[in-house]
Amino acid sequence: MSEQNQELYTAIDVRGENTTVCLINQFSQLIKELSSPTDSFGHDRGIGTAINLFKQLLTDQNLEYGQLKGIGISCPTLEVKFNNKSILLPFVFISAFEKEFPGITVRALGGVSCAALGEYHITYQSAPRSLFFLNWGNGIGGGLVINGKVWPGRQLIAGNIAHI
C-alpha cells in the first residue's frame, strides 16, 4: 500500500535522554523512525528537539504536516513555568505543536498513560475492558484505562503512585 492510500500518524516519545519520532500508518506499521538526544535541560524541556525531529521526518518522507491524521506525544507530566504560569508539560507540548503546525490534531499524555493504552490495545483487542498499568522506573507510575480510554485524571497524573 502506498503512502498516498494510507492514514498516516506521528508518534513522539520524549524521554530524559532521547526523543524519538515515528511515522506510522493506520495499521500501526512503522514507516520511519528518527531519534535524537533530548534537550531536556533547556527552557523548552525537549519541545524544540521534538519539533525539529518532526520537521526532519516530514522532509525525509517528502510530506506536508497536513497529510497526517494527527500527532500523539508521550512526555513527562512535569509541572513547568509557561508564560509565567504553572502548567503541566503535556499541555505545553500541545500548545507548541498547535502553534507551529496549525490545524493538525495533537494529543499528549504522560509516558506511563501512553504505555497503559498500548498494553490495553495489545492485550484486549476486542471487548472493552479496563486495566491498571504499573511501571517501575525512576519512580513508580501507573496508567489507568477504563473501557478502552485513558483516564488521566484532572491533572494528568491519575494512577501515579508517587503523587498519592
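These legends describe close-up views of a predicted model.

Residues are numbered from 1 along each chain as its sequence is written. The model is predicted, so local features need pLDDT of at least 70 and side-chain atom pairs count only at pLDDT 80 or more, while totals for chains, interfaces and linings use all residues; side-chain values use heavy atoms, with hydrogens and water left out.

**View 1**
The chain holds three helices and 10 strands. Both are DSSP runs numbered from the N terminus: helices are H or I with at least four residues, strands are E with at least two. Along the sequence the pattern reads β-β-β-α-β-β-β-α-β-α-β-β-β. Of the 164 residues, 38% count as buried. Buried means under 20% relative accessible area, exposed over 50%, and partly exposed in between, with a 1.4 Å probe and protein chains only. Contact means heavy atoms within 4.5 Å. Among contacts in the chain with a separation of 6 or more, 45% come from residues 24 or more positions apart.

**View 2. The packing of helices H1 and H2.**
Two packed helices are described by the angle between their axes and the distance between the axes. H1 covers residues 47-60 and H2 covers residues 89-100. They pack at an angle of about 40 degrees, and their axes lie 10 Å apart. That makes H1 oblique to H2. Axes are lines fitted to C-alpha atoms, for helices over the stretch in contact, and angles run from 0 to 180 degrees between N-to-C directions. Angles under 35 degrees count as roughly parallel, over 145 as roughly antiparallel, 65 to 115 as roughly perpendicular and the rest as oblique. The crossing of H1 and H2 is right-handed. A crossing is right-handed if the near helix is turned clockwise from the far one by less than a right angle, and left-handed if anticlockwise.

**View 3. Side chains where H1 meets H2.**
From H1 come Ile47, Ala50, Ile51, Phe54 and Lys55. They meet Val92, Phe93, Ala96, Phe97 and Glu100 of H2. By class, this contact has eight nonpolar, no polar and two charged residues. Ala, Val, Leu, Ile, Met, Phe, Trp, Tyr, Cys and Pro count as nonpolar, Asp, Glu, Lys and Arg as charged, and the others, Gly among them, as polar.

**View 4. Helix H1 and its cover.**
The buried residues of H1 are Ile47, Thr49, Ala50, Ile51, Leu53, Phe54, Leu57 and Leu58. Their cover includes strands S1 (8-14), S2 (18-25), S3 (30-37) and S4 (68-75), along with H2. The 14 residues of H1 should span 20 Å at 1.5 Å a residue; the end C-alpha atoms of H1 are 20 Å apart, which agrees. The expected span of a helix is 1.5 Å times one less than its number of residues.

**View 5. Ile51 in helix H1.**
Ile51 sits in H1. Its relative accessibility is 10%, so Ile51 counts as buried. Leaving aside neighbours within four places in sequence, Ile51 contacts Ala96, Phe97, Glu100 and Phe101. Ile51 and Phe97 are 46 residues apart along the chain, yet their C-alpha atoms are separated by 7.3 Å.

**View 6. Helix H2.**
Buried in H2 are Leu89, Pro90, Val92, Phe93, Ile94, Ala96 and Phe97. At 1.5 Å a residue, the 12 residues of H2 should span 16 Å; the end C-alpha atoms of H2 are 17 Å apart, which agrees.

**View 7. Two loop residues with positive phi.**
Most residues other than glycine have a negative phi. Ser28 has a positive phi near 65 degrees. Ser28 lies in the loop between S2 and S3. At 61% relative accessibility, Ser28 counts as exposed. Its C-alpha atom is 9.4 Å from that of Leu8, 20 residues apart in sequence. Asn62 also has a positive phi, near 55 degrees. Asn62 lies in the loop between H1 and S4, just after H1. At 71% relative accessibility, Asn62 counts as exposed.

**View 8. Lys69 in strand S4.**
Lys69 belongs to S4. Lys69 is partly exposed, with a relative accessible area of 47%. Not counting residues up to four places away in sequence, Lys69 touches Glu7, Leu8, Tyr9 and Thr105. Lys69 and Ile104 are 35 residues apart in sequence and 7.2 Å apart in space, C-alpha to C-alpha.
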